[in-house]
Amino acid sequence: MSIMSNAKRALAIAAASATLFSMAACGSSNAAGSKSDSSSAASSGKIEVVASINQWGSVAKDLGGSNVEVTNIMTKTNVEAHDYEPTSQDVAKFGTAKVAVVNGADYDPWATKAAQSTKATLVTAAETAGIREGDNPHVWFSAKVRSNTADAITAAYQKADPSHKDDYAKFNKDWHAKEDQLESKIKDTSSKTENLPYAATESVAWYLADDLKMTDATPKGYAQASANESEPTPADIKDFQDTLKVGSIKMLVFNSQEANSTTDQITGAAKDANVPIVELTEQMLKQYTNLLDWMSALVDQFAAAVK
């Protein structure tokens with residue numbers, strides 16, 4: 001997360017609030033548009049779902065099948081949700097949804113703000129596992145959160161569309177079977193990665209590394225700067241580079257979505273020290289159609305990086 005994220009989040013929330021206010025105060029043109037969209041969704045017999053980020057949107061789609069119409073607000077890796085500034089069209093999509101799925105933990109506050117101002121049933125992934133603002137927000141990497149969120153989405157669907165309750169129960173069972181396969185792969189891989197000291201340029205994949213029973217050995221000064229959304233000092237960067245050189249770190253996790261001159265120095269030191277690098281992004285890449293396939297591929301990357 002960049003040093004400007006707090007300011008950008010505040011602007012994003014303000015923008016979402018202003019857009020909601022303008023929509024409420026606006027004349028009949030916007031109201032008619034929303035009514036038309038809602039009528040279209042209703043006539044199709046599908047539940048209209050809006051997800052703030054594509055990884056949770058993929059779960060929402062898998063759990064609803066042809067009974068749902070899912071719209072993802074964020075689908076690209078060139079911007080992260082921390083910094084995203086919603087358009088009026090983005091906010092309007094929440095206004096017609098029956099179910100809204102957001103990440104929470106202050107990761108996408110603009111989406112939470114927009115959804116709370118509507119009649120949509122709100123599913124907040126982080127809250128399903130008691131993760132709050134100030135905690136690591138990258139909760140889709142957590143097996144527990146994925147499982148709990150899937151159940152919360154299913155419950156929302158069954159509430160919105162009770163006539164297809166059994167369908168949603170079947171979709172949920174099928175999804176959990178795939179999640180169980182993923183967790184089995186994580187357990188098998190953890191036999192190689194357990195207690196393996198790793199460091200990260202940013203704590204994006206902390207939950208996955210924890211599920212893999214790895215040990216976070218990111219130098220304290222750098223880790224604190226990253227957690228506080230501040231720039232690490234030259235001394236922090238040198239400490240990180242020196243720690244990589246002496247060989248006490250066995251793997252580096254690099255969020256390429258947040259590449260900059262500082263991470264260039266860190267990854268350069270890792271390459272010089274022959275430390276394996278697991279490169280990943282914060283948002284789900286286009287080649288993956290669902291969250292579980294993406295997570296499975298990442299587990300394979302961690303396994304392959306073990307010396």
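These legends describe close-up views of a predicted model.

**View 1. Helix α7 and what covers it.** Helix α7 runs over residues 165-193. At 1.5 Å a residue, its 29 residues should span 42 Å. The end C-alpha atoms of α7 are 40 Å apart, which agrees. Buried residues of α7 are Y168, N172, W175, H176, E179, L182, I186, T189, S190 and T193. Their cover includes β1 (47-53), α3, α6, α8 (206-211) and α12 (291-305). Just after α7, N195 takes a positive phi of about 70°.

**View 2. Helix α6 from its start.** Helix α6 covers residues 143-160. Its 18 residues should span 26 Å at 1.5 Å a residue, and the end C-alpha atoms are 26 Å apart, in agreement. At the start of α6, a side-chain oxygen of S142 comes to within 3.3 Å of the backbone nitrogen of K144. Buried positions in α6 are A143, V145, R146, S147, T149, A150, I153, T154, A156 and Y157.

**View 3. The packing of α6 and α7.** The axes of α6 and α7 come within 10 Å and cross at roughly 175°. An angle over 145 degrees counts as roughly antiparallel, and α6 and α7 are therefore roughly antiparallel to each other. From α6, the contact takes in A143, R146, S147, A150, D151, T154, Y157 and Q158. From α7, the partners are K165, Y168, A169, N172, W175, H176, E179, L182, E183 and I186. By class, the residues of the contact of α6 with α7 divide into eight nonpolar, five polar and five charged.

**View 4. A143 in helix α6.** A143 lies in helix α6. With a relative accessible area of 12%, A143 is buried, because the cut-off is under 20%. Leaving aside neighbours within four places in sequence, A143 is in contact with E179, E183 and D211. The C-alpha atoms of A143 and I186 are 9.4 Å apart, although these residues are 43 residues apart in sequence.

**View 5. The crossing of α3 and α7.** Helix α3 spans residues 54-64. The axes of α3 and α7 come within 7 Å and cross at roughly 125°. That angle makes α3 oblique to α7. Here V59, D62, L63 and G64 of α3 meet Y168, F171, N172 and W175 of α7. The contact of α3 with α7 has five nonpolar, two polar and one charged residues.

**View 6. N172 on helix α7.** N172 is found in helix α7. Its relative accessible area is 13%, so N172 is buried. Beyond neighbours within four places in sequence, N172 is in contact with L63, A150, D151 and T154.

**View 7. W56 and its surroundings.** W56 lies in helix α3. At 0% relative accessibility, W56 counts as buried. The side chain of W56 makes a polar contact with the side chain of N103, at 2.9 Å. Neighbours within four places in sequence aside, W56 is in contact with A51, V101, N103, A125, V139, W140, V145, R146, T149 and L291.

Terms used:
Residues are numbered from 1 along each chain as its sequence is written. This is a predicted model: local features need pLDDT of at least 70, side-chain atom pairs count only at pLDDT 80 or more; totals for chains, interfaces and linings use all residues. Side-chain values use heavy atoms; hydrogens and water are left out. Axes are lines fitted to C-alpha atoms, for helices over the stretch in contact, and angles run from 0 to 180 degrees between N-to-C directions. Helices (H or I, at least four residues) and strands (E, at least two) are DSSP runs, numbered from the N terminus. Angles under 35 degrees count as roughly parallel, over 145 as roughly antiparallel, 65 to 115 as roughly perpendicular and the rest as oblique. Contact means heavy atoms within 4.5 Å. Ala, Val, Leu, Ile, Met, Phe, Trp, Tyr, Cys and Pro count as nonpolar, Asp, Glu, Lys and Arg as charged, and the others, Gly among them, as polar. The expected span of a helix is 1.5 Å times one less than its number of residues. Buried means under 20% relative accessible area, exposed over 50%, partly exposed in between (1.4 Å probe, protein chains only). A polar contact is a pair of N or O atoms within 3.5 Å; within protein, one must be able to donate a hydrogen and the other to accept it, and residues adjacent in sequence count only if both atoms are side-chain atoms.
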